Each structure stands twice: as structure tokens, then as C-alpha cells.
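Please open the model in your viewer and keep the selection panel at hand.

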There are 2 protein chains.
Amino acid sequence: MKSISLILLGCGGVGRQLIHNIISCRPLHAKQGVRLRVVGVADSESLLVSSDVLTMEFDDHLLSEICRIKLNGSSLPTLATSGSCQVFSSSESTKKIVDIAGHLVRSTGLAVLDCSASSDTIERPLTSSMEDYDKLVSHPRRLRHESTVGAGLPVIVSINRLLSSGDSICLIVGSLSGTLGYVMSEVEDGKPFSQVVKTAKILGYTEPDPRDDLGGMDVARKALILARLLGHRINLESIKVESLYPKEMGPKAMSVEEFLANGLSLLDDNIEQRVRKAASNGNVLRYVCVIEGSRCEVGIQELPKNSPLGRLSGSDNVLEIYSRCYKEQPLVIQGAGAGNDTTAAGVLADVLDIQDLFSS
Amino acid sequence: MKSISLILLGCGGVGRQLIHNIISCRPLHAKQGVRLRVVGVADSESLLVSSDVLTMEFDDHLLSEICRIKLNGSSLPTLATSGSCQVFSSSESTKKIVDIAGHLVRSTGLAVLDCSASSDTIERPLTSSMEDYDKLVSHPRRLRHESTVGAGLPVIVSINRLLSSGDSICLIVGSLSGTLGYVMSEVEDGKPFSQVVKTAKILGYTEPDPRDDLGGMDVARKALILARLLGHRINLESIKVESLYPKEMGPKAMSVEEFLANGLSLLDDNIEQRVRKAASNGNVLRYVCVIEGSRCEVGIQELPKNSPLGRLSGSDNVLEIYSRCYKEQPLVIQGAGAGNDTTAAGVLADVLDIQDLFSS
């Protein structure tokens, strides 16, 4: 039986789902000859680790307790009373994790799973400076990050397979925001933009402040991850991002309530005109990322109604990849691109996928 | 630099494309720290191997020569004049390959790439008896076979990722024959079945005898591979296969020419009626595999026009996967599912994907 030691960063929805999946997959993974042993869990404030990472792992009872107390809003240190765990503050945690990796390097190795939702727990090196990115990818086989684009959809693995087979990717067009996918397909039917955004907020499709979605930065970060995967040495600032609201309606200028009550509806006319103009060309509008040559853009594009992206409705993500092998018709990957369940599944699949790096 | 030794079985279109790709990818793979060293190549008659697999690999000139002479219809032994290669007959080749694997096990390991188009070179253990299959998958990490379903499309890798993350797949529906995909989308527009099949033959979409496609066994073999991946312990005989021609028009009853001239057009009426009936329900006909619970079927199904499968046109493959994570809307993978280029790319991606199994 091969053991892989894990430290989980982040106990939000994805982190807790991942813990549930690790527990429920134990019989399945045992059949595959793999045992996942969790030796540490961190939230934004503290890191809980096994007192002896070599011999003691978190048992399933403790893991369930972690999920329970985090869901109730308690903090991790409340669980460190038994002596089987130690607690470290977030400022000490990086050093501690490096120590643990050193201890485990000759036995089970250590995989660190970052499921944190904010940059408080750990910085976002995939989308920060090229210097950080280069460090991360200096051992490309040891880094997996499927769930950073399209949640569990097999996006990164598919692109990596094309690249390693020598196929040259010439164009990627993707709808990578379920929220904006929903909004753009709804306005197509003539519904006012403001009404669609409000409905999306009620349905829980948007962030608490919908401008976090409408600004396009979430899509831009995903586009950056894909562009860097293709070898583009660019930063977030190099990406042309179209925001669906003007600066004058930004968070510094007005509150969420003001934006929803007074700002949003002022945007209806412009979107309606653009939708009509596209329709007169037989096209529809989609909020997409486009990566082509050195160009990397994020914003509204007119696309043929009769294309995978044009046919998209609901909150699915779609990625079209054009390459030497997929020249006339693209390789298309489509499906739910958000949700704790599929995001956690993507992380767990990555862990199983790196098992050959671990010797024991 | 990590070296992976390879033996290629099959020098047809896919095998030659693979050799081309290995050569052209050398700089790319070097950047990834991997060196692919070909130490043997086989066709259906003989196996050509390096005289000393530990120290000598086939150089790029010899690899190009292999492609050139095989394209010209010559046999491999004509290249074994220099003393750097040895030739073995096909009956000796299995034993020799096992020997080589033994020699290389402590240095570069050995990957055997089966690109043969016929079962003359090697049997098809993925679709033969469960006994053979069980042997093959007894070391699941050492077996990759992406290109056996949908050519280079990321089908197997995506299903394996879902499975290893504990997602439960409840339904797979796929159009896995570019030929039958083309035929079914063309008859939808009212063209006679016989005319569409003849056009497909002229376009080179069908096998020399179109009944090899119309019989559905190619799709059934792919369905079997997917069903076994999901854990179904079934054989090819257990799959319900709908043939698009009756036994009375089979290869034993009439020649290809007779079938095309006299048989085929007798099938037009039936197909036309079924197309019309489907259309009256707002549906279209697709030749698909359906794997659901213990059911595994291959044949014509009525499907909603407004689904990824229903919208399919041309010769693309499409796979819809429904699971716990992809419940309402399926995970969809679509693109060219045939062709030497994409098939060879899938094989090469598999080789790079197993690199962590090799130590040196």
C-alpha cells in the first residue's frame, strides 16, 4: 500500500468537501493500493498538525470534527486539546510545512493541497509575478492545479496532453465564468441586463458583490493561468479586461446596494443595443477569454450562434481549443465549472494523479 | 535527463506519425527533462531491435528510414544490414520484448507502444477475455490507452479522473464513430441512406468495406473499453449491437460491390421512416453507445435535437458523461475522434504521462 501524506490549506466549502471525499473514497483508494494520510489542516488563522507526522495521521473522526466545527464557525485550535495535535499561527505555518516536507521526504512525501478561497491563507502564485510562477513550475510534474480553471473539468490535463504530444495550440476561446455565462445567455432572450444580474444574485450565482463577477478579473486570472500554460510570459496587468460596469460605479464610488438600486439599470441600454447588433449578424454575445498568439483578452465577443460557445446556456463552462490536430473543429470541453463538489473532485483526482512521484 | 526506452508495434499510418512526432518533439521533451529512446520497431512480420538496448538506440536517421521504407511497402529486415540492429520473426518477438524489458528494468524501463492496426501484430487484450483484461489492469498505473476511444480526445483520462475522485458515473452516451456520426447527421437532412454511405466511402470516411463501420462492432469495442473502465465485468458478446445492415447482406452473402450496387439501397426506406418518426418527436437519430448501470448497448437512439449529441454534425466524436458531479448537465468532450495525427498525439501524451514511473 502506497501512502501519500497531505496537508490541506483552507476549510471552506471546497476544503470540507475534499475532507468528506477523502474519507468516503478510502475503500476505493485502498483497492488502487493508495492510502491518503492527512497530517495537517490549516485555515486562515492557524495550522493544526499531527504531533508526529511520521507515525500519526488525523483519524476520520478528527477530520469529521474539523468539518463540523468549521461549519459552525469555531476555530481550529479548539480541537488541539488531546496532545495528538499541535497548533501553529498562520505566520509560523509556512516554515512548519517546509519542516514537515523535510521529515516526510524519504517516507511518504508530502502533498500540500491549497483549497483556500482567499489570499489570506497563501498567496496566489499561479497568477502573481512571473518570478513566483517560474519557481512553482520549475518542477512541473510536482504541480497540479486542475481546479484553478473550470473547477473539476479536465481543462489543464487536456491542454498539458496536447502540449506534451507536440501539438501546437493556436487559439483558446472559453466561457470560464458560470455567472457571466448565465448572464450573457439570458440577455440574449431580451431580458434587461439589470434584471438578469439581480436574478443571478438571488439564485446565488454571483459573489455577494456582483461587481466581483462583472469586473471580469476572475476570468482574467483563469485566462492568465491558461496563457502561462501555453508559454506566454505575461502578468495579469498585460491582459485586456473588459469590465461590464464603468469605474464610476466601482466599489470605491458606491455601495453594493447603491449599485443594484441605481447603477445597474443604467447599463441596460448599452447591452441591449449590442445584443441586437450581434443578432442582426446571426451572432450572440458571450463573455469569453481569447488566447491567440501573444494576444490574451477577456470580454464580450460576438460569436456564431451555431458554435459550442454560442449554444451555451445556463451556467456551464465551455472551452474551445484549436490546434494542429483540432484545426477545423475545436476540441471542446463543457460542463459545470463551479461548485464545491466538482472543485474538490478535481483536487482529489490531482492527488491520485501524482501518486507515482511517491515511492513508499 | 530522464530516459524512457520504447518499442513501437505497428508501422502503419499511426506508427509512422508517432515516429515523426517523437523526432520533432525532441527539443520540447528535452526542455521537460525527458529523452525518448526507441530501441525497437515491429511490423506484422518482424521485430527490429537495437543490438545493445542498454547503450544503443535507433538514431533519427534510422527512424526516418523505417518510415520511408514502410511507406514504400518494403519490409523491416532490409534495414538490418549494418550490425547495429537485429531482426526477429513475429513468432520470436514477444519473448524478445520480455527479455528487453528485463534488461532495461533497472535503467530506463521499457514502454511498449502498440499502434498496430490489425490483430496480426498483437492481440487486442482490452476487448478480449476478462482473464486477459484482468492481467493487463493488474498494474493500472502502467497501462495507458487514451487513443483506443476517440483517438487523442481526453476521454479515458477524464473518466479515470472522475473515478479516482470518487465521483460515480451513472450514464455515458457517446457517438464514437466519425463515420456513423457523419452518416446519421446527413440522413437527418433527408438524403437517402445509401447515397450518404456511398459519399462517405468516396470521402474516405469508411473502411474499404463500409459494412465494417455499419455493423457497429468498432463502436461496440470502444463501448466495451469504457464499460470495463467503469468496472463492468462483461465481454464483447454481452453488448447488444444494432447492425445497420441485415445478415443477408453480410460479407459471407455478398461482395462489397454487390452490397453497394444492390443491397444498400434496400435499406433506405427503413432509415427514412425512422428519421421522420424521430423528427415528429422533435428528435434526431444518432448511432451511439449507451452505458447505464449494467446495460451496455450500441445502436441507433432517438435523442433531443438540442443536446450535444443531437447537435453533432460532421465526423466529430462526442461523449456525454453524467455523474454525481455532472448531474443536470453532462460533462461533454467533443472533437475529432479519428486520424493518424490525433491518434499518435494521444499515444505520445500517454508516454509523457507515465514518465514518473521511470526512475533514471
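This is a predicted model: local features need pLDDT of at least 70, side-chain atom pairs count only at pLDDT 80 or more; totals for chains, interfaces and linings use all residues.

**Stop 1: the nonpolar cores**

Begin by selecting Phe193(A), Leu226(A), Phe193(B) and Leu226(B), which touch the most other members of the largest nonpolar core, a set of 119 residues. Keep Phe193(B) selected and show its surroundings: leaving aside residues up to four places away in sequence, Phe193(B) touches Val183(B), Val187(B), Leu214(B), Leu244(B), Leu264(B), Leu267(B), Asp268(B) and Ile271(B). Then move to Val14(A), Ile19(A), Ala344(A) and Val347(A), which are among the members of a second, separate core of 34 residues.

**Stop 2: the interface of chain A and chain B**

Colour the two chains separately and select the residues in contact, of which 44 come from chain A and 44 from chain B. About 3600 Å² is buried between chain A and chain B, with carbon and sulfur atoms giving 48% of that area. On the chain A side, select Arg141(A), Arg161(A) and Asp356(A), the residues of that chain that lose the most area to chain B and that together account for 20% of what that side buries.

Polar groups can be displayed next: 18 residue pairs, with both residues at pLDDT 80 or more, are in polar contact across the interface of chain A and chain B. Coloured by class, the side of chain A that touches chain B shows 18 nonpolar, 15 polar and eleven charged residues.

**Stop 3: salt bridges across the interface**

Side chains of opposite charge can pair when their charged atoms come close. Nine salt bridges are found across the interface of chain A and chain B. Select Asp341(A) together with Arg324(B), whose side chains meet in a salt bridge with an N to O distance of 3.3 Å.

**Stop 4: salt bridges within a chain**

Over all chains, the whole structure holds 45 salt bridges. In chain A, select Lys70(A) and Asp43(A), which form a salt bridge with their closest N and O atoms 2.8 Å apart. Lys70(A) belongs to helix α3 (residues 60–71) and Asp43(A) to the loop between β2 (34–42) and β3 (46–50) of chain A, so this pair ties together parts that are 27 residues apart in sequence. Are these two residues buried or exposed? Both Lys70(A) and Asp43(A) are buried.

Next, select Lys240(A) and Glu297(A), a salt bridge in which the closest N and O atoms are 4.0 Å apart. Because Lys240(A) lies in strand β7 (residues 240–241) and Glu297(A) in strand β9 (residues 295–304) of chain A, the pair ties together parts that are 57 residues apart in sequence. Lys240(A) counts as exposed, at 58% relative accessibility.

Finish in chain B with Glu188(B) and Lys305(B), whose side chains meet in a salt bridge at 2.8 Å, N to O. Glu188(B) lies in the loop between α7 (178–187) and α8 (193–202), and Lys305(B) in the loop between β9 (295–304) and α13 (308–311) of chain B, so the pair ties together parts that are 117 residues apart in sequence. Glu188(B) is partly exposed, with a relative accessible area of 23%, and Lys305(B), at 45% relative accessibility, also counts as partly exposed.

Terms used: Residues are numbered from 1 along each chain as its sequence is written. Chains are lettered from A and ligands numbered from 1 in the order in which they are written. Side-chain values use heavy atoms; hydrogens and water are left out. A nonpolar core is a set of buried Ala, Val, Leu, Ile, Met, Phe, Trp, Tyr and Cys residues joined through side-chain atoms within 4.5 Å. Buried means under 20% relative accessible area, exposed over 50%, partly exposed in between (1.4 Å probe, protein chains only). Contact means heavy atoms within 4.5 Å. Buried area is the accessible area (1.4 Å probe) that two parts lose on being put together, summed over both. A polar contact is a pair of N or O atoms within 3.5 Å; within protein, one must be able to donate a hydrogen and the other to accept it, and residues adjacent in sequence count only if both atoms are side-chain atoms. Ala, Val, Leu, Ile, Met, Phe, Trp, Tyr, Cys and Pro count as nonpolar, Asp, Glu, Lys and Arg as charged, and the others, Gly among them, as polar. Helices (H or I, at least four residues) and strands (E, at least two) are DSSP runs, numbered from the N terminus.
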